[in-house]
Amino acid sequence: QVQLVESGGGLVQAGGSLRLSCGASISTYSYAMGWFRQAPGKEREFVAAINWSGERIYYADSVKGRFTISRDNAKNSVYLQMNVVKPEDTAVYYCAAGAFGRGPDNFGSWGQGTQVTVSS
């Protein structure tokens with residue numbers, strides 16, 4: 001299994017930007033990577049996913065046009081650039097590795113999560 005560690009979370013004002021990073025313990029070359037989030041009292045929801053080459057990307061409608069997922073296989077890393085953040089983006093953000101798709105069942109490895117809090 002891939003060990004994943006997220007970083008870059010924190011407190012940001014609405015309209016601001018934040019960049020999340022996720023480092024993997026092994027090469028991510030053969031894995032699709034994804035970001036999910038979970039707000040208090042809500043289920044974990046899909047945010048974005050990128051295939052092994054970066055040529056295929058999915059976004060949740062709620063973040064499309066504001067968030068950008070990218071990856072650097074040479075650094076075994078995936079990133080989530082969050083722009084024009086909103087209070088409803090407040091959640092714990094999780095990095096995941098697995099098969100390309102939107103469902104959490106596609107991903108077999110998960111990080112511990114990083115908290116993102118957006119103040120209004």
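This is a predicted model: local features need pLDDT of at least 70, side-chain atom pairs count only at pLDDT 80 or more; totals for chains, interfaces and linings use all residues.

Colleague: What's the handedness of that link?

Modeller: Left-handed, at -80° about the S-S bond. The two cysteines come from distant parts of the chain, 73 residues apart: C22 sits in strand β3 and C95 in strand β9.

Colleague: Is C95 buried or exposed?

Modeller: C95 is buried, at 0% relative accessibility. C22 is buried too, with a relative accessible area of 2%.

Colleague: Switching to the nonpolar core, which residues have the most contacts inside the largest one?

Modeller: W35, L80, M82 and Y93, in a core of 35 residues. Strands that each supply at least two residues of this core include β3, β4, β8 and β9.

Colleague: And what is Y93 in contact with, leaving aside its sequence neighbours?

Modeller: Among others, W35, L80 and M82, and also E6, R37 and T114.

Colleague: Now the aromatics. How many pairs does the structure hold?

Modeller: Six aromatic pairs. Take F36 and F107: their ring centres are 5.5 Å apart and the planes are at 75°, so that pair is edge-to-face. F36 is in strand β4 and F107 in strand β10, so the pair ties together parts 71 residues apart in sequence.

Colleague: What about the rings of Y58 and F100?

Modeller: That pair is stacked, because the planes are at 20°, under the 30 degrees cut-off, with the centres 4.5 Å apart. Y58 is in strand β6, while F100 is in the loop between β9 and β10. At 21% relative accessibility, Y58 counts as partly exposed.

Colleague: Which residues form the aromatic cluster?

Modeller: F36, F46, F107 and W110 form one cluster. The charged end of R44 sits over the ring of W110, 4.8 Å from its centre.

Colleague: Which other ring has a charged end over it?

Modeller: Y79, with the charged end of R19 4.1 Å from the ring centre.

Colleague: Last one: where is S109?

Modeller: In strand β10, residues 107–110. S109 is buried at 5% relative accessibility, and a polar atom of its side chain lies 3.3 Å from the backbone nitrogen of V2. The contacts of S109 include Q1, L4 and C95, so we're back at the disulfide, where C95 pairs with C22.

How values were computed: Residues are numbered from 1 along each chain as its sequence is written. Side-chain values use heavy atoms; hydrogens and water are left out. Helices (H or I, at least four residues) and strands (E, at least two) are DSSP runs, numbered from the N terminus. Buried means under 20% relative accessible area, exposed over 50%, partly exposed in between (1.4 Å probe, protein chains only). A polar contact is a pair of N or O atoms within 3.5 Å; within protein, one must be able to donate a hydrogen and the other to accept it, and residues adjacent in sequence count only if both atoms are side-chain atoms. Contact means heavy atoms within 4.5 Å. A disulfide is a pair of cysteine sulfur atoms within 2.5 Å. A nonpolar core is a set of buried Ala, Val, Leu, Ile, Met, Phe, Trp, Tyr and Cys residues joined through side-chain atoms within 4.5 Å. Rings of Phe, Tyr and Trp (its six-membered ring) pair if their centres lie within 6.5 Å; planes under 30 degrees apart count as stacked, over 60 as edge-to-face and the rest as tilted. A charge sits over a ring if NZ of Lys or CZ of Arg is within 6 Å of the ring centre and within 35 degrees of the ring normal. Lists of a residue's contacts leave out its neighbours within four places in sequence.
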